Amino acid sequence: MEEYLSISPAFQKRLRLQGETRYKANRILFFRMVGPLMQARLSKYVDLSKVPRVFLHGNPHIDNYVRTFRGSALLDFDRSRMGPWCWDMIRLLSSLSIWSKKDKGFLERETIDAFIEGYFTHFLNPEIPFKQLRLLKDVKPQKWQTNSREYLDAGKKGSRRMRQYPLDKRNPKTQAILKSYLQSRNELTLLDEYYVDEVGSTPGTLGKRHFIFALMPKNPDSLKDAIVLDIKEVYAEKDTRFFQNVWPHHGQRMIAASRIYADGVEQRLGYATVEGQQYWGRQVPSFAEKVEKFLDEDEQTDAAYSIGSQLGKGHRRSLVTAADVKAVEVDFTQNFDAYLKISHMFTNEVRLAYDFMIAKQRLYKAFLG
């Protein structure tokens, strides 16, 4: 792990921006970026040919949990695809441990039991709404988050990034991306009522470009709100024997995952293809809050139940036959403890690999003087 990230330009850039003094925050960044490496190593410890397959969230960790006006949910479906159900569980529990206020150890049994209860209850009863994270329940929007006009005027987050890297609104490629996206939604008539006021292209966490559009009503007296769209290049991991994409377009894959796991939380989902590049798009919420603190044991337990309930519901909704449902239920019951040990091991490996990488970098800097 540490050798891969020591030469990763994306990781090193983020590390420089955050600074070495933010030890625990940088370790979380490390955890986020080694997800594909952890997934690739899973087959060394589990015979994945015997693990039932579901439509995975793919990357269930705390930093992907968001609260908006439309509810709270685990979002970010870049790595969603078909695969063994246990991957989501292993990744989530490792994330909860990495996000702990404690620097050592794994999860308390109470937290693990909360995950089991949340996952199993909503897997068996997918009609029940999944529980939302208590930590974000009482967060109130600030004035600039009340609507998209205020959001744009405040110049924060997405709107600031859009203005850092502005594009010509008349650029043919930019126009083609927007029109292809709107066409996927049967919403081309939106441009009869709105015009593109601003557009910018910004780099994303995984190195993919985001095209951010600010649309304003053509009627200056209209009471309609502005619309901010984020249309980004899709992230697509290579198919393996056990993890595969079955959708013709990666944007369709991400839309399907959003509807299964967080139906209604994301707005204006669509996709596009321009010059052979695939895109996925959504409307940017003016109010979007994430967890900004390390978790104590009670908060870990609540997160384990809440996100576990969302994963259990999503896994069940992705299955077609009663035999598929029974297979996951049996495998969960018989092999949960084995998967738990792997999550524990991966967590320890992340901590050790990160410490080893930082120690080597400091020694190298000292050697250079």
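Me: Which ring does the charged end of Arg 91 sit over?
Reply: In this predicted model, local features need pLDDT of at least 70 and side-chain atom pairs count only at pLDDT 80 or more, while totals for chains, interfaces and linings use all residues. Residues are numbered from 1 along each chain as its sequence is written, and side-chain values use heavy atoms, with hydrogens and water left out. A charge sits over a ring if NZ of Lys or CZ of Arg is within 6 Å of the ring centre and within 35 degrees of the ring normal. At 4.0 Å from the ring centre, the charged end of Arg 91 sits over the ring of Phe 31.

Me: How far from the ring centre of Phe 294 is the charged end of Lys 24?
Reply: The rule for a charge over a ring covers NZ of Lys. The charged end of Lys 24 sits over the ring of Phe 294, and its distance from the centre is 4.3 Å.

Me: How many aromatic pairs are there?
Reply: Rings of Phe, Tyr and Trp (its six-membered ring) pair if their centres lie within 6.5 Å; planes under 30 degrees apart count as stacked, over 60 as edge-to-face and the rest as tilted. Counted this way, the aromatic pairs come to 17.

Me: Phe 120 and Phe 332 form one of these pairs; how many residues apart in sequence are the parts it ties together?
Reply: The two rings are tilted, with 4.9 Å from centre to centre and 45° between the planes. Phe 120 belongs to helix H6 (residues 109–124) and Phe 332 to helix H13 (residues 322–368), so the parts tied together are separated in sequence by 212 residues.

Me: Is Phe 332 buried or exposed?
Reply: Buried means under 20% relative accessible area, exposed over 50%, and partly exposed in between (1.4 Å probe, protein chains only). With a relative accessibility of 4%, Phe 332 is buried.

Me: In what order do the five strands of the open sheet stand?
Reply: Helices (H or I, at least four residues) and strands (E, at least two) are DSSP runs numbered from the N terminus, and two strands pair if DSSP finds at least two bridges between them. The pairing in this sheet is antiparallel, and the order is S5-S6-S7-S9-S8.

Me: Which strands stand at the edges of the sheet?
Reply: An edge strand here has a single partner strand, so one side of it is left without a neighbour in the sheet. That describes S5 (194–203) and S8 (267–274).

Me: Which residue of S9 is the bridge partner of Val 274?
Reply: S8 and strand S9 (residues 277–283) run antiparallel and are joined by six bridges. For Val 274, the bridge partner in S9 is Gln 277.

Me: How many residues of S7 are buried?
Reply: S7 has S6 on one side, paired over six bridges, and it also pairs with S9 over five bridges. S7 is largely enclosed by the rest of the structure, because its buried residues number seven of the seven.

Me: Are H11 and H12 parallel or oblique to each other?
Reply: The axes of helix H11 (residues 250–261) and helix H12 (residues 297–317) come within 8 Å and cross at roughly 120°. Axes are lines fitted to C-alpha atoms, for helices over the stretch in contact, and angles run from 0 to 180 degrees between N-to-C directions. Angles under 35 degrees count as roughly parallel, over 145 as roughly antiparallel, 65 to 115 as roughly perpendicular and the rest as oblique. H11 and H12 are therefore oblique.
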